[in-house]
Amino acid sequence: MDVLRRNNVVVEGRADGPVIMLANGFGCDQNMWRLVTPRLADDFKIVQFDHVGTGGSDKSAWQEERYSSLDGYAEDVLQICDALGLGPLVFVGHSVSSVFGVLAAGREPGAFEKLVLLTPSPRYIDDRDYTGGFSAEDIDELLESLDSNYLGWSASLAPVIMGNPERPELSEELTNSFCQVDPSIARVFARATFLSDNRADLAGVTVPTRVIECAHDVIAPREVGAFVHEAIPGSELVTLDAVGHCPQLSAPDQTAEAIASFAARTDDER
């Protein structure tokens with residue numbers, strides 16, 4: 001198996017720079033980082049990839065059994081790290097990919113120098129004294145809508161995820177990204193994403209971690225960012241003055257700065 005081809009791995013930026021791996025959220029590919037990578041390329045070696053079933057990945061490698069849980073995606077991350085052989089790197093995960101990083105770092109902490117969790121959510125469903133942002137009924141309706149009309153679901157959910165209604169081109173881009181994913185793959189990925197509960201895994205993170213939230217995000221509200229920050233020992237929390245769940249598109253300057261300032265920081269500067 002050619003892991004690098006399977007996940008359409010692309011390496012760019014400064015050849016001798018510290019390594020940053022950028023991981024996409026649900027239904028997206030590495031193009032979602034295009035506004036951030038030019039701001040990082042002068043100082044860092046940048047690794048990007050597509051989750052199997054999305055973007056330029058080898059879709060024949062997709063297996064429902066493997067990707068019906070987030071563990072399969074975390075294993076892919078570790079396989080990519082091993083195939084590249086670049087040593088410990090800074091993993092930047094957006095949305096559900098934040099959990100992939102948490103799971104991967106829990107299994108092989110030596111593969112990672114640091115974690116950056118961008119708008120993470122370890123659980124989307126509210127639970128007793130935990131605010132995830134959605135009721136169980138909300139998620140059931142969301143998944144039923146996806147099953148019955150994936151294209152319609154994509155068009156209706158993308159503006160909610162993106163926010164910034166005054167910039168409709170952002171929602172259109174996210175809608176188009178969703179629509180490029182095979183609906184049968186998207187259904188499995190969505191269930192793995194929205195029905196997961198990885199709160200207990202946060203305590204197992206032992207590498208330096210920065211949690212980045214947006215000031216206004218209906219998908220991962222600030223209560224979630226605070227929970228993740230408190231659950232990961234020694235982590236730090238940064239709140240961007242931004243709206244929506246995808247600040248790499250809506251606020252790329254702030255996002256790049258929040259990533260770079262943490263990735264470049266040495267032990268003496270902590």
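These questions and answers look at salt bridges in a predicted model.

Q: Why is the contact between aspartate 16 and arginine 14 called a salt bridge?
A: The rule asks for a side-chain nitrogen of Lys or Arg within 4 Å of a carboxyl oxygen of Asp or Glu. Here the N to O distance is 2.7 Å. That value is within 4 Å, so the pair is a salt bridge.

Q: What makes aspartate 16 count as buried or exposed?
A: Its relative accessible area is 61%. Exposed means over 50%, so aspartate 16 is exposed.

Q: Why is arginine 14 called partly exposed?
A: Arginine 14 has a relative accessibility of 35%. Buried needs under 20% and exposed needs over 50%. The value lies in between, so arginine 14 is partly exposed.

Q: How do you know that arginine 107 and glutamate 75 meet in a salt bridge?
A: Their side chains are 3.3 Å apart, N to O. The cut-off is 4 Å, so the pair qualifies.

Q: What does the pair of arginine 107 and glutamate 75 tie together?
A: Arginine 107 lies in helix H5 (residues 96-107), and glutamate 75 lies in helix H4 (residues 70-84). The pair therefore ties together parts that are 32 residues apart in sequence.

Q: Why is glutamate 75 called partly exposed?
A: Its relative accessible area is 27%.

Q: Which residues are linked with Arg199 and Asp197 in a network of salt bridges?
A: Arg123, Asp127 and Arg128 are linked with them. Arginine 199 and aspartate 197 meet at 2.8 Å, N to O.

Technical notes:
Residues numbered from 1 in each chain as written. Predicted model: local features only at pLDDT ≥ 70, side-chain atom pairs only at ≥ 80, totals over all residues. Heavy atoms only, no water. Buried < 20%, exposed > 50% of the residue type's maximum accessible area, 1.4 Å probe, protein only. Helix = DSSP H or I, 4+ residues; strand = E, 2+ residues; numbered from the N terminus.
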